[in-house]
Amino acid sequence: MNTSSDNKTPLTTNWAVLILAVLVAVGLAANYFKYELFFNIQFIFGSIFAILALQLLGITAGILAALLISSITYPLWNHPYAIITMTAEVVIVGLLHRRKGVSVILADALYWLGLGMPMVYLFYHEAMKLTLSNTLVTMVKQALNGITNAVIAGAIFMFVASSSGWRRFSFREVILYLLAFFVLWPSLAIMTLDSRTEFTDTDQAIRTSLIQSSFHITRNLDQWLRGHMSLISHLAKIAAISPVSFAQQEVEEVHKGNPDFQRVGLVDKGATIIAFSPLTDEVGQPTLGRNFADRPFIPTLKQTLQPMLSEMFIARINTREPIVSLLAPVVQDGRYSGYTIGILSLHGLKKIIEGETQDLSLIYTLLDRNGKVIVSNNPTLQPMDPFVRDSSFLQRLNNGVSQWIPKAGKNISISASWTNSFYIKESTFGRMAEWTLILEQPVEPFRDKLLQRFAKKLGLLLIVLLLALALSDLISRKTIHSLDKLSELSNKLPQKMVDHDMGEIVWPQSRFFEIENLTTNFKTMVKIIQESFHKIHALNINLESTIQKRTQEARQIATRYKTLMSTATDGIHIFDLQGNMIEANDSFCKMLGYSHEEILQLNIHDWEVKHTREEIDRNFQNIVHGAAHFTTQHRRKNGEIRDVEISASAAIFDGKTLIFNTSRDITERKILEKEREQFQIFFNNSIDMMCIANPNGTFLKVNPTCEKLLGYSEEELLSRPFVDFIHPDDKQPTLDEMARLIKCGSSLNIENRFQRKDGTYLWLSWQAKYNREENLTFANARDITERKKTEKTLRQAVREKEVMLKEIHHRVKNNMQVVYSLLSLQARNIDDSIIRTMFEESKNRISSMSLIHEKLYLSPDLSLIDFKEYIDRLVAEIASTYNRPDIVFTVDMPPLQFDINISIPCGLIINELVSNCLKHAFPNGKKGTITIRMSENSEGELSLSVSDDGIGFPAEIDYANTTSLGMQLIVVLAGQLNGTVKLDSEEGTTFTITFPTGQINPHHSGILAL
């Protein structure tokens, strides 16, 4: 289709060479500065200038320009195939356009459908081995790119040729280009925005999922490690105060009770194993006595005296396999005395991580502090391997997420390189951040889905464009046919009218309203001209009457205008094309905060904020050619910025073009829309379940987390009352709480079980609020299933620990009774009264401590002892031992409860002081009274006193410096309580020990100091 008038002015050779050079240079720049539609799908515009060279300079120059311009795609895209397709495009278009008379647009469309797209398929899918979805996107994109460039090139050529007078173009060609242009560009813009939004949403979803997975895995790993670290730390505390034989029992119990530990051991400060489980390795060799002084973590343990996670190292016990362990230092008197070690099962670590990644395509890697692999589901990585990544291809994103994109190789498409990229999230944990968890999310699964959707959108756009081209060709033919016929008739009509030879005229018929109107106008034109002379006289007669009528109508319109301006709630204002204010109503004055006189002195630039002067001038020109509706921002007199919605149109008044505007303040509406948008984002992206329900118990809206956690679709959740999902045992308590919530209008906090679609139940912690105004309940819930399981496990562990502690106290009491009995047997064979007395005193001390353990064994609370009851029984046993019925005992103290750290020292002190009173204060059977008191003074300290009314303490004896074991023991025990000893012997003897509650001197060795 080549209906243009060929009036082209020939170019000289020098001008042709210059134009070709300019077109090639601009074309190279247009290919380099590409426009990305979405997700690495790019439009280049170099072929525009190759087709221009074809139209301006001929087919040979066009092919040369295409070859030179497309050459830049080789370094940009890493393959030469784009050079072939772009050069072939100009060849085919040139042959069809120059020799067959086909328009550039149609010729380009025929090339891509018949040859271009099949070539792209062969090059990209067969030669470069791209995926089918990637190839389809590339095929359709290049076809669209080529046709779009042909439309632009044709439009530019039409403008340049017509402006310079080289050529004239038919109305048919103009219609074709305009229709193609106005179909193509809006479609491309809409698809670009939609596809970029879809890509952004997918990108954000990948990042959000990666961050959430990292958070859950790190939290679960940290909880798992802390639980096992507490066992190793507890074992270290026991080892610090217990003999090796007891430590060996504890090591074996920890190993047997925790399958996640492969081996458990105790190492002394010389790095030699002194307790271990199992006691033999796989070949039957004993594990005790082996030395590990070369382990790299020992200096850190000595320095920090804190539990830690080890790096990976090779085991020396059993098979020489990579292992990782939990370490806790054994601390005695604030100094390093060895460490306890628990060697972890790597299977246990994998189980924790894979519990969160099994349903995802995540690649996880757990590294130690030296960057060596602990566990990974990457088949190329094994434990102890160094983890190495080329950081030069790493792009830092937000929220700690990065993306790694490998470099594209030769003849490898950049989009293929992008497919092999992945998102990365790194997290450290441990007391000293010893370990690092790396999660990697490959892009390929998501990219394939996006490309399939993009291919459909691009294909649909190509089909629409081709249909538009066909339709525009049809419309242009129909339109031009009627216009040509009408042009022929109108050319002969004036002469026929002059000659009064109108005859019979056959007027053309058209389906277009405008052309039919034009034909009708021509048909009536003759009749109107003939009748016009007769009407002129009648019009003159009626002219005065008409003027009076129009004047009255003008007055009515003016009155209505004033009424409208004064009563309108919207701001109405009028200004000229220079922006000078002509008139404004009261509403607009109030909107900006000016008086009417002030506002008439203003220009639009005095209050307009959003648009520059150039933009306002362009907007005025657009409004002159048609009404406009848009939003902007105005500055009030006080400087406040307000959002405004404008409806504007132009009209000519007294020969002057004016802009008429209606303004409405939408600031509050904008704020509300933003708040709604923020709430919707929070609602959709919350990791907690969020829902809205009516008083009948029916879900009205649920967020995606509800669907994910419960396994139901949104339609399934909205189709049933929420009570149907609640565990039968939890239904009534939940309904009662909901009734109370609606009745009282308060908040709700409840835990219940919800049934998932697969029949299992989740424990959920609900928080809800009832809104009376909307008669709706807003609620959110958090999955606490794992917490419930952990609580159950902890309760069982606490019960087991209580049983174990009771058993320990029972055994300690029994062992002390055995020692007591042995001392009693030994004392029977001793004739020396002094030594026998020493034995009796030792028996009393053992009995005092044994009584403590008996009280703890029988007490429901293993941490506290009824101290008054304990002292009553202790005094009774001492009195029974010395058999002094003439002595009266008084215990004066309120009900008190102490732990074992206070009860044992106080009991031993009372034992020594009461025994001394019975032995020395009442000689020769003298009667008397012994009083034991305990009270709290104003400074919050406890005061323990033992007094008698006997003969008094000898003045020549210094109780603090005596060889008496009993007095030494009293001073040492008082020091262990961080207290002081005071003696008063004016009337009898009174020893008072004052000490702060709950403060035991950690550096005082107590009885062991003797």
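Predicted model: local features only at pLDDT ≥ 70, side-chain atom pairs only at ≥ 80, totals over all residues.
Colleague: Which residues of α2 and α7 meet?

Modeller: On the α2 side they are S47, I48, I51, L52, Q55 and L56. On the α7 side they are N149, A150, I152, A153, G154, I156 and F157.

Colleague: At what angle do α2 and α3 pack, and which residues of the two helices meet?

Modeller: The angle between α2 and α3 is about 165°, with axes 7 Å apart. Angles over 145 degrees count as roughly antiparallel, and α2 and α3 are therefore roughly antiparallel to each other. The crossing of α2 past α3 is right-handed. From α2, the residues G46, F49, A50, A53, L54 and L57 take part; their partners in α3 are I59, A61, G62, A65, A66 and I69.

Colleague: Turning to α1, which of its residues are buried, and where do they lie around the axis?

Modeller: An α-helix has 3.6 residues a turn, so residues three or four places apart point the same way. In α1, the buried residues are L20, L23, V24, G27, A30 and N31. They cover an arc of only 125° around the axis, which places them on the same side of α1. The exposed residues N14 and W15 are carried by the face turned away from that buried side. The buried residues of α1 pack against α2 (46-57), α3 (59-70) and α4 (73-77).

Colleague: What span should α1 have, and how far apart are its end C-alpha atoms?

Modeller: Helix α1 (residues 13-32) has 20 residues, and at 1.5 Å a residue it should span 28 Å. The end C-alpha atoms are 29 Å apart, which agrees.

Colleague: How do α25 and α26 pack, and which residues make the contact?

Modeller: Helix α25 (residues 900-921) and helix α26 (residues 965-976) pack at an angle of about 155°, with their axes 9 Å apart. They are therefore roughly antiparallel to each other. The crossing in which α25 passes α26 is left-handed. The contact is made by P905, L908, I909, E912, L913 and N916 of α25, together with G966, M967, L969, I970, L973, A974 and Q976 of α26.

Colleague: Where is T218, and is T218 buried or exposed?

Modeller: A residue is read by its element, its accessibility and its contacts. T218 belongs to helix α8 (residues 171-241). T218 counts as buried because its relative accessibility is 14%, and buried means under 20%. Leaving aside neighbours within four places in sequence, T218 is in contact with S427, F429 and L437.

Colleague: In which strand does A628 lie, and which residues does A628 touch?

Modeller: A628 is in strand β18 (residues 628-635). With a relative accessibility of 22%, A628 counts as partly exposed. Not counting residues up to four places away in sequence, A628 touches I623, I646, S647 and A648. The C-alpha atoms of A628 and A650 are separated by 9.4 Å, and these residues are 22 residues apart along the chain.

Colleague: Which residues does the cis peptide bond with omega of about 5° join?

Modeller: This cis peptide bond joins S277 and P278. P278 lies in the loop between β4 (273-277) and α10 (298-304).

Colleague: What is phi of A271, and what is phi of D333?

Modeller: A271 has a positive phi of about 70° although A271 is not a glycine. A271 lies in the loop between β3 (261-268) and β4, and is buried, with a relative accessible area of 4%. Phi of D333, also a residue other than glycine, is positive and near 55°. D333 lies in the loop between β8 (325-332) and β9 (335-344), and counts as exposed at 61% relative accessibility.

Conventions:
Residues numbered from 1 in each chain as written. Heavy atoms only, no water. Helix = DSSP H or I, 4+ residues; strand = E, 2+ residues; numbered from the N terminus. Expected span 1.5 Å × (residues − 1). Buried < 20%, exposed > 50% of the residue type's maximum accessible area, 1.4 Å probe, protein only. Arc of directions from axis to C-beta. Contact = heavy atoms within 4.5 Å. Axes fitted to C-alpha atoms, helices over the stretch in contact; angles between N-to-C directions. Parallel < 35°, antiparallel > 145°, perpendicular 65-115°, else oblique. Left-handed = near helix turned anticlockwise from the far one by under 90°.
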